[in-house]
Amino acid sequence: MTDKQILCPWCMQIKIISEKGICSKCYNHLDSLEQKNWHNYQTSNYAELMALAIKIDTAFQFSEKSSDSESVLKQFHQSRIRCVLEMFKQLNNTTFKPITSEELEQYKHLIKEYSEQTRTDEELNQFSIVLRQKLSTNNPQLQNIYTTFFSF
């Protein structure tokens, strides 16, 4: 991971070093169990990954507040795809070992093609299942983070 500045994924107001994952103001508002989780993310170097997963999740929830018009939904869909691609750029490819850099690039390319409607959701889904299987872990929190990055 690198020393990148990002906005805190919860308040979206305070700039933090991405490895911290959450600003101290938001951290102090959490209950002790959540604080312990963030401490574990930070000590195991997953805080940045968790922060980015929260940003993706926030982008995906926007649809609940948006209009039912087709153009608004299409615009939302495009923006969340750009969000996922942007979040992938924030991370070092080794974050997703044993997935290879080539497989990650192929997945990103599939996402882009899917957004341009030159690939089907079935093709993207099948490849994402393969990648998630490679990332299987006994850590449910980490599994949830991986699912955020590899499921549409």
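Biologist: Let's start with Phe96: buried or exposed?
Modeller: Keep in mind that this is a predicted model, where local features need pLDDT of at least 70, side-chain atom pairs count only at pLDDT 80 or more, and totals for chains, interfaces and linings use all residues. Residues are numbered from 1 along each chain as its sequence is written, and side-chain values use heavy atoms, with hydrogens and water left out. Buried means under 20% relative accessible area, exposed over 50%, and partly exposed in between (1.4 Å probe, protein chains only). Phe96 comes out at 1%, so it counts as buried.

Biologist: What kind of aromatic pair do Phe96 and Phe150 form?
Modeller: Rings of Phe, Tyr and Trp (its six-membered ring) pair if their centres lie within 6.5 Å; planes under 30 degrees apart are stacked, over 60 edge-to-face, and the rest tilted. The structure holds 5 aromatic pairs. With 5.2 Å centre to centre and 85° between the planes, Phe96 and Phe150 are edge-to-face.

Biologist: And how many residues apart in sequence are the parts this pair ties together?
Modeller: Helices here are DSSP runs (H or I, at least four residues), numbered from the N terminus. Phe96 sits in the loop between α4 (70–90) and α5, and Phe150 in the segment after α7 (140–149), so the separation in sequence is 54 residues.

Biologist: Phe150 also pairs with Tyr107; what is the angle between the planes?
Modeller: Phe150 is buried at 0% relative accessible area. Its pair with Tyr107 is tilted, 5.2 Å centre to centre. This one links distant parts of the chain too, 43 residues apart, with Tyr107 in helix α5. The angle between the planes is 45°.

Biologist: Which residues do ring pairs link into a cluster?
Modeller: Tyr107 belongs to that cluster, and Tyr107 is buried with a relative accessible area of 0%.

Biologist: Which residues does Leu104 touch?
Modeller: Leu104 is in helix α5 and is buried at 0% relative accessibility. Contact means heavy atoms within 4.5 Å. Leaving out residues up to four places away in sequence, Leu104 touches Phe88, Asn93, Phe96, Ile99 and Phe150.

Biologist: Which side chain does a polar contact of 2.5 Å join to that of Glu103?
Modeller: Glu103 lies in helix α5 (residues 101–115) and is buried at 16%. A polar contact is a pair of N or O atoms within 3.5 Å; within protein, one must be able to donate a hydrogen and the other to accept it, and residues adjacent in sequence count only if both atoms are side-chain atoms. The partner of Glu103 is Lys134.

Methods: Helix = DSSP H or I, 4+ residues; strand = E, 2+ residues; numbered from the N terminus.
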